[in-house]
Amino acid sequence: MSKNVIVIGGGIAGMESSAYLAAMGYNVTILEKEGKLGGHLLKWERLFPTKRHGKEVLEFLSQGISEHVSIIYHADIENIERKDQVFNVHLSKGTSLKADAVLIATGYETFDARKKEEYGYGIYDNVITSPDLEEIFLSGKGIRTASGKVPQRIGLVHCVGSRDEKAGNIYCSKVCCVTGVKQAIEIKEKLSQTEVYCFYMDMRMYGFHFEELYKEAQEKWGVYFIRGRLSESCENADGTIVVKVEDTLAGKPLKMTVDLLVLLVGFVPSEGTRKIGELLGLSFNSNRFIKSADEHTMSNVSSEPGIFMAGTCTSPRTIANTIMDARSAAATVASYLEGYNIEKRTIHRNLK
Amino acid sequence: MKDFGYTINKDRQINFDRTDKWIYEYLKKHEPSFKLCIGCGTCTATCSSGNFTDFNLRRLFTLIHRGYKLDMKDEITKCMLCGKCIMVCPRGVNTRNIILKINEVIENRKRKK
Amino acid sequence: MNFDPFVIPFLTGLSFLCAVLIFKYAKWFIKLSREHKFKLLKWIFSHKIILALKEIFLESLLHRKIFRRNFVLGYMHASIALGWLLLIIAGNLETKLHSSKFFNMPYDPVFLKFFVHERSGIPIAAFYTFVMDFLLLIILIGIGLAVFKRFRSMLFGLKRTTRLKSFDKIARYSIWLIFPLRFLAESFTSGQYNTGGFLTGTAGHFFAAVLPVDYLSYPVWWGYSIMLCMFFIALPFSRYMHIPTEVALIMLRNFGIKTNKIYDGITEFEVNSCPRCGICIDVCQLNEVQASDIQAVYFIQSSRENKKDERKAFNCLLCGRCENVCPVGIEVNAIRITKRKQLVFDNKNAFNFLTNGSTEKADVIYYAGCMTHLTPAVKSSMCRILDEANVNYLFLDKDGSVCCGRPLLMAGKIEAALSLVEKNKKKILESGAKTLVTSCPICYKIFREEYKLPIEALHHSQYILRLVREKKITLSNSQQCVVYHDPCELGRGCGIYDEPREILSRTSQLVPMKNEKNNSWCCGGSLGDFKLSAEQKSEITRDVLMEFMAYSPEIIATACPLCKKTFAKYGNAKIQDIAEIVLASILKEKVTEKKVEVLQ
């Protein structure tokens with residue numbers, strides 16, 4: 001009899017690890033809180049650094065979800081019990097599921113930009129976030145100000161809710177810099193006459209082809225980069241936004257009027273990550289993401305036996321890294337179920 | 001290092017090997033959050049005094065670190081201690097105490113002389 | 001004349017005490033500012049002295065404020081203070097009746113039982129004997145409680161007690177011994193001569209039966225005198241200096257003399273009035289996060305020793321929670337600011353770069369304040385409210401913040417602060433406005449206290465309430481569960497507790513909290529403190545928020561941009577300023593009105 005694995009969360013990490021676990025012959029059940037698989041991937045039109053469509057990746061991931069993977073949509077986990085080696089997952093609808101291993105893929109949420117009140121999100125109509133802009137891209141509508149005008153100048157603010165002690169998050173969210181560059185280019189593609197300014201602290205272009213994209217933004221699209229973190233913004237009578245930064249390279253405070261301000265919001269652990277982590281009694285890092293048993297050698301292993309993690313519930317990641325992590329998690333879960341003691345690196349092969 | 005025998009009218013360069021970084025050391029010791037500055041400039045952007053003068057906290061901090069000599073007394077008295085910088089600093093640098101500590105450094109040196 | 005060598009220690013101690021007190025008080029009197037000296041001379045022979053005497057009786061003797069805080073603690077203080085005074089008065093009367101002379105030696109009443117055994121000459125002797133014994137019993141119970149408190153302070157409502165200095169300890173142990181020794185001395189003598197009342201007489205009988213009281217009584221009288229001497233000598237250098245000084249302080253305070261920006265004579269009277277009771281320690285929010293040696297009592301102690309302790313001066317939120325509970329009413333914040341002044345470089349020309357531009361005319365000035373620029377929801381809500389009420393207003397600091405001067409004042413940079421005050425004041429008055437409204441309690445406090453404006457200055461909670469009362473705006477109740485956090489500067493700082501509550505009870509369901517109004521917490525973001533790290537401030541904030549969350553509010557309301565910004569870092573709860581809540585309420589009311597219109 002093959003063993004059961006429950007994967008909590010049907011986003012990128014959940015889908016890809018399920019595909020691999022199913023391929024290895026396990027009974028996999030995905031518990032998804034929404035009515036659709038795909039998670040955040042559903043919300044991004046095109047992906048950095050290649051600007052390929054998110055749909056394509058989603059399609060690839062969906063192909064992995066064969067008939068060997070069962071999915072429970074709108075799942076709301078009430079409780080998870082553990083008896084010896086077996087987990088009993090109770091859903092609010094009254095159903096219970098048994099599992100030999102639990103893989104958490106509950107992911108992240110974007111930072112609530114209203115917490116950075118001084119940036120004016122939720123107060124000024126022309127301040128939006130990067131997911132809002134992506135929604136505009138997806139909808140196919142043009143980029144317009146709140147009053148329906150074509151913006152002449154757009155500002156993108158890096159590190160909103162990341163690297164910020166005042167937001168309670170001192171970590172780097174890893175993807176916002178390159179997202180900013182990607183979105184700046186997309187704006188220029190659509191509105192070639194519009195000036196686009198990125199306000200950054202550091203351009204963290206660490207990934208494959210990221211720096212090239214940065215260069216392309218400058219060279220091909222004429223996006224401007226100003227090194228300075230936004231302190232606050234205010235609204236003019238006509239609805240335009242005045243941003244205040246220091247142009248640290250010029251060594252002078254700088255004031256600029258923009259028609260639209262886009263806040264590149266960072267990652268925070270999702271509500272599901274917090275809830276499931278607490279239900280299972282897992283350890284959390286000080287940044288509130290789930291703590292791995294060892295950050296180098298056991299990144300998918302939790303503080304409790306039989307419980308594993310994949311994707312952004314442990315830290316911010318790009319899509320490429322999430323997919324890699326999901327496969328790594330699948331391998332970790334499978335080896336555990338086959339009797340491999342991950343910590344001691346010994347094998348007790350169970351009689352099959 | 002040779003300077004080819006030319007005399008330099010005014011020091012154009014921070015000679016990091018020679019500058020005296022004692023103020024930085026002093027501040028680092030008495031307000032350890034001074035070390036946390038990443039030079040993002042948010043403090044300068046929000047500064048109430050910066051609206052009216054060239055008072056620039058980020059620059060001041062950087063120059064202190066490099067041991068650059070400047071008339072700090074004139075600089076820091078421009079600060080209104082309004083606290084906006086402390087409320088926006090992404091690194092939690094205790095800027096207002098640093099201002100007071102620079103104050104203390106100047107006073108102490110005056111007394112020594 | 002009654003005399004025995006054992007009175008010498010008592011006399012020496014008493015003379016020493018008087019000499020030191022006269023010397024110190026004279027010194028402090030000279031240090032009083034001209035203005036204060038003038039006030040003292042003006043009021044000392046007026047009705048104010050009667051008010052002062054009443055307060056002295058209520059606070060220095062009855063210890064009313066301590067009673068309110070904790071009954072047992074109050075009883076302990078009152079029994080010792082009032083009991084002792086009555087004992088001195090009754091003793092003096094008894095002595096005078098006995099000798100039928102107006103003058104007697106200061107030690108006569110103290111050692112009366114030693115000198116006088118034949119009491120038939122005293123009218124109503126039995127009554128006096130009873131009274132003296134009764135008072136002694138009261139004091140002994142008080143002392144017993146004091147000893148007990150030393151080991152079990154929790155029963156007196158004190159989690160932490162003051163760490164004492166050596167002179168304090170000498171004085172304390174001598175005061176612990178004075179009255180038991182007096183009791184023993186009087187009992188032994190009563191036993192010898194078969195006199196005494198219900199306490200000393202009974203005890204005397206008992207002691208006479210089991211002890212050689214004839215031999216014991218004389219050394220015990222010596223011991224009693226020596227203890228008194230020790231107490232008197234230690235008093236001026238110990239916390240017990242507060243006993244005489246508080247009397248002087250209450251008088252000065254009733255004449256309107258208060259510490260004002262510089263550390264002078266009145267400040268000396270204040271710091272020497274601190275009894276180091278330690279009531280201020282438990283209420284301090286810094287206990288848990290960082291320091292346990294900067295609380296009001298320790299700061300005052302170091303000031304009294306003329307120390308310039310930078311950390312004690314600057315590591316304080318200036319939240320005023322200690323002042324709020326101080327039974328002596330010492331203005332710790334004002335004193336801390338004077339101490340800060342001694343430590344900073346102050347420059348009244350610092351802001352000469354602010355040159356004056358033109359100011360528009362308006363009826364009302366809205367001054368958001370620096371911090372409000374970081375909470376744009378507050379300023380935009382205020383502007384909307386003012387528009388809704390059709391107020392002709394000028395948003396004075398619309399294009400950027402200018403500091404009000406209060407943070408400089410808090411830092412002890414008083415000259416610099418006042419120069420900023422002058423510049424802003426000019427600007428405010430140029431507009432010809434009759435009302436100045438601010439969203440920031442920090443600004444509000446200095447507007448009230450230092451700007452000396454000929455026009456009214458209001459916090460926005462006061463102004464909004466006025467607009468509501470004048471029916472310029474109409475509110476609708478959302479029935480949302482709201483708790484209200486009193487900002488330090490608005491609540492304890494300016495006494496504004498009711499206006500915000502009245503507004504909130506019209507817009508929402510206001511839930512009262514345990515620690516509110518003058519007992520409210522500081523959010524942790526105070527500009528008063530210069531020493532706390534970001535993490536330590538956060539710890540304070542988290543603790544406070546946790547307490548709020550216990551009431552499961554839908555909104556945590558406050559009336560200060562700094563509090564709002566500080567809280568916003570944490571908490572999944574909605575943190576809103578009163579202005580935002582009011583605006584939402586106005587808009588809701590408008591929608592309802594429209595619906596009604598449509599229906600009609």
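Modeller: What follows is a close look at one pair of helices.

The model is predicted, and local features need pLDDT of at least 70, side-chain atom pairs count only at pLDDT 80 or more, and totals for chains, interfaces and linings use all residues. Residues are numbered from 1 along each chain as its sequence is written, while chains are lettered from A and ligands numbered from 1 in the order in which they are written.

In chain C, helix α15 (residues 296-304) packs against helix α18 (residues 332-343) at an angle of about 45°, the two axes being 11 Å apart; helices here are DSSP runs of H or I with at least four residues, numbered from the N terminus, and axes are lines fitted to C-alpha atoms over the stretch in contact, with angles running from 0 to 180 degrees between N-to-C directions. The pair α15(C) and α18(C) is therefore oblique, a class left over once angles under 35 degrees are called roughly parallel, over 145 roughly antiparallel and 65 to 115 roughly perpendicular. The crossing of α15(C) and α18(C) is left-handed, in the sense that the near helix is turned anticlockwise from the far one by less than a right angle.

From α15(C), the residues C:Ala296, C:Phe299, C:Ile300 and C:Ser303 meet C:Val332, C:Ile335, C:Arg336 and C:Lys339 of α18(C), where contact requires C-beta atoms, placed from the backbone, to lie within 7 Å. Sorted by class, this contact of α15(C) with α18(C) holds 5 nonpolar, 1 polar and 2 charged residues, with Ala, Val, Leu, Ile, Met, Phe, Trp, Tyr, Cys and Pro counted as nonpolar, Asp, Glu, Lys and Arg as charged, and the others, Gly among them, as polar.

Notes
Helix = DSSP H or I, 4+ residues; strand = E, 2+ residues; numbered from the N terminus. Contact = placed C-beta atoms within 7 Å.
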